[in-house]
Amino acid sequence: MSHTFLLEVGLEEIPAHVVTPSAQQLKERISSFLKEQRLFFDKIAVFSTPRRLAVKISGLADKQSDIEEEAKGPAKKIAVDKDGNWSKAAIGFSRGQGMTPDDIFFKELKGTEYAYVKKFIAGKTAAEIFVGIKETVTSMVFPTMMRWGNNDFKYVRPIRWLVALLDKQVIPFSILNIQTDRITQGHRFLGTDVVLESAEDYPQALVAQKVIADARERKQMIKDQIEKLAKQNNWKIIVDPELLEEVNNLVEFPTVFAGSFDEKYLDIPDEVLITSMKDHQRFFYVLDQSGNLLPNFVSVRNGNKEHLENVVAGNEKVLTARLEDAAFFYHEDQQKTIENYVDRLKKVMFHDKIGTIYEKMERVRLLCKLLVASLDKENGLSDSEVEALDRAAQIYKFDLVTGMVGEFAELQGVMGEKYALLKGEQPAVATAIREHYLPNSSDGKLPKSKIGAMLAIADKIDSIGAFFASGMIPTGSNDPYALRRQALGIVRIALARNWKLSVDSLQEMITQNYQNEPSLYSNIKPTKNSEEMSAFVVERIKKLLSENKFSFDIIETVSGVSANSFVEMKEAAMILKDHQKDDDFKGNIEALTRVLRLAEKAPKDKVRKIDTSLFENIAEKELFAAVSKIENKVNSYSLEELYIALCSLRPLIDNYFEKTMIMVDDEKIRTNRLNQLLTLSKLTQKFGILDKLNVK
C-alpha cells in the first residue's frame, strides 16, 4: 500500500525573489532525506506562496527497505586462539553487533582472513522516519535570515504554523513553540483556517479559502487574465518573465486589473515611464498594435474583485505621483548643458580610494586611444568613428549627476543617451553613452555599435585595473563592484568583434596610460597587483570556454599563454577539440611536448642565434630548415594552417631525437641545440601550453 505525505511550513510573507528558490530547496532536501532513509516514493509536488512552502509526496512505501550487510571484525589470527577457541576480541566484536560468536564466518581480504557477521536490519515505518524530518526543515539556508522573539534560531521569516500529515496521521515534531498539526491557514484577508482531513486534500482544500498554492497554476491564472484583458482592449501587454515571476510570488489569489495615467506624461521618454511602472510599481506596461506606449498599466491584486475600483484608484494615485516627479526632473535636467554636468563630476568620487568620476573619464579617454591603435585595419575604426569615440569618452558619465538618474538609478546611460541627443550630440556618441554599461549581466546583450563596444571595454579595463591597484580584489563570492562581470564583458565583446585583445595587452595599456598621465592616478598605482589582475581576467576566458563545453585540459592549454588574444585562445581550443579524434593526434602532441620540456632548459638570460655550423647530423639540418620555413610564413598562416604545419614536423622531430643527443658536455653545441628546440617551442605557444593536454 502506498501513502501520501504533506509538509507545509507557514510563514510571515517571504520576499518575492526568495519564494521559488526556497520551495525548490525544500523539495531537493526532502528528496535527499528520503533517499538517505531508503524510503521509496513516486513523485514530489512542490507548492509555494508568499506565506507558505510545501511539498506533497505521493506513492510512498510503507517502510524502509530491509538491508542485510556484513560487518568486518578482527583478523582470524586474533579472533581465534591457538587452541581454536574464540578470543575475547571475537566475543566482543560479535556482542557489539548484537550477535554471538556462532554467527562469525571468515573471509579473505588482501591475503588475510578476517572475521565477519551478517546483520539483518529491518526497515523502519514511514511514520517513524518522518519524525526526523524536522532537521531537514530547520537546516534550510536563505539569502537573508532573521530571528524573532528571544530565540537564537534563524529562518527566512518567522514560522507561524506547521502541517505534517502522513495520509490522515499527524507526524509530531515542533520548531520552537510551533507544533505540527493538520490546520493550515487560508488567505490572510479572504480566508479562514482549514482543517485538513488527509494529506490528499492539499492543495484543493485551500482554493475555497482563496489560496492557490500551486505556483504554476497561479502564474497561468495571471497570464490568462492578462491575455483576456489585452483582447478586450486591443492592447499588447508586455509580460516580462522576471516581473511575472515576482508578481506571482507576491500574491496567493491573483486578480488582474488595469489602470491609466494622464496622456501628458507620454511626453516623457518611454524608458522613464516603463521604469516607473515596471521596476518601481511592479506594473506591466501597455502598447497599442503599432508598438506605441499607451497611458495604461496592468497590475495584479492579492485578492478578489470586490472593491477593485478602490485598488485601481490607489495604484493610479501612486503612479501619478511618481510620474509627476519624473516630469519635473526631465524638464529641470534640460536647463543645464552637458559641460555643466561634466564639470560637476570633478567633485563626485568614483571611489574614495581611486579618485573622481572625472578622472576616470579622462583615463578612459586615453585608454580608448590606445585601444584604437591596437586594432588592425580590418577591424578598426574610421576617422569619424575615432572622433565620435573621443567625444563620447569626454562626457559619457555626465548623466550620473542629473536629477532623473538621481531618482531613477536604473536609467543611467539611458538618460545620457536621451539628453545627449536633445543637446545636439551625434547619434553615435549618444548610443555609446548608453552602450558602455553593456553587458549588464554575465550573458547580457553586447554593445551593437563599434564606438559603444570600444568605450565599454575601456571603461571596464579602467575599473578592473583601478580596483585591483587599490587592493579591492574579489574573493570567493564577494565581488561588490561586479569586476567578474566586467572582465567577462571585455572578453565577450572582444570575441564578438574579433578584436585581438589579450590579457597582456590590457595590462600594458593600463601601464602605458599611467606612464603617460600619472596625474590621473593620484590615489593609485596601476602596476600594483598586476599579476593578480591578469590571473583574474584569465579565469574569465576559462569560464567562457567551459560554458562552451571545452574540456578542462584544452582550457588549461589555450589559456596558458597570456600574450595570446582571447580570439586566438578560443580558436585554438576549437582546433584542438576538432583534431582530438585524429588517429595521429596523440603522437603529434607527444612529439611537440617533448620539444617543450627540453626547450625549458635553454638559457633564459639572453637570446642566442642558432649556429648551423655547429650541426653534426642531417637530422638537425632538416629540422632547422622545416622550422625556419614555418617561421617565415607564420604571420600569414591561419591557426589551422599553423597546426597542420607543426604536426607535419613529427617525423623530423622523431628523427632528430633519435640521431641527436641534446644534453652533451660541449656547452656551445648543447646551447645551440636547446635554442633550436626553443625556436620551435615558441611557435607552439600560439596554442598555449601544449604539455597540459591530456593525450593518454
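Which helices each supply at least two residues of the lining of the largest pocket? They are α12 (357–374), α15 (414–422), α16 (427–435), α17 (450–469) and α18 (483–497). This is a predicted model, in which local features need pLDDT of at least 70 and side-chain atom pairs count only at pLDDT 80 or more, while totals for chains, interfaces and linings use all residues. Residues are numbered from 1 along each chain as its sequence is written, and side-chain values use heavy atoms, with hydrogens and water left out. Helices (H or I, at least four residues) and strands (E, at least two) are DSSP runs numbered from the N terminus.

**Largest pocket**

- The largest pocket holds about 1,100 Å³ of space; a pocket is an open set of points on a 1 Å grid over the protein atoms alone, with protein on both sides within 12 Å along at least five of seven lines.
- Volume here is the space filled by probe spheres set on the points, which are joined across faces, edges and corners.
- Its lining comprises 32 residues, with Gln412, Arg434, Tyr437, Leu438 and Asn440 nearest the centre; a lining residue has an atom within 4 Å of a point.
- Helix α17 gives the most to this lining, with four residues.
- By class, the lining of the largest pocket has 12 nonpolar, eight polar and 12 charged residues (nonpolar: Ala, Val, Leu, Ile, Met, Phe, Trp, Tyr, Cys and Pro; charged: Asp, Glu, Lys and Arg; polar: the others, Gly among them).

**Cavities**

- There are two cavities of 30 Å³ or more, a cavity being a set of grid points where a 1.4 Å probe fits but cannot get out.
- The largest cavity has a volume of about 50 Å³, and its lining includes Arg363, Asp462, Gly465 and Tyr521.
- α17 gives the most to the lining of the largest cavity, with four residues; by class, that lining has seven nonpolar, one polar and two charged residues.
- The second largest cavity, of about 40 Å³, is lined by Ile610, Leu623, Phe624, Val627, Ser628, Glu631, Gln676 and Thr679.
- Helices α24 (618–633) and α27 are the elements that give two or more residues to the lining of the second largest cavity, and the largest share, five residues, comes from α24.

**Strand β3 and its partners**

- Nine of the nine residues of strand β3 (residues 52–60) are buried, so this strand is largely enclosed by the rest of the structure; buried means under 20% relative accessible area, exposed over 50% and partly exposed in between (1.4 Å probe, protein chains only).
- Strand β1 (residues 3–11) runs antiparallel to β3 and is joined to it by seven bridges; strands pair if DSSP finds at least two bridges between them.
- Strand β2 (residues 43–49) also pairs with β3 in the antiparallel sense, over seven bridges, and the two form a hairpin with two residues between them.
- Leu53 of β3 stands opposite Val9 and is the bridge partner of Ser48.

**Two buried threonines**

- Thr184, in strand β11 (residues 183–185), is buried, with a relative accessible area of 0%.
- The side chains of Thr184 and Arg52 are joined by a polar contact of 3.1 Å (a pair of N or O atoms within 3.5 Å; within protein, one must be able to donate a hydrogen and the other to accept it, and residues adjacent in sequence count only if both atoms are side-chain atoms).
- Thr684, in helix α27 (residues 667–684), is buried at a relative accessible area of 1%, and its side chain reaches the backbone oxygen of Ser681 at 2.6 Å.
- Beyond residues up to four places away in sequence, Thr684 touches Leu592, Leu596, Leu646 and Leu690, contact meaning heavy atoms within 4.5 Å.
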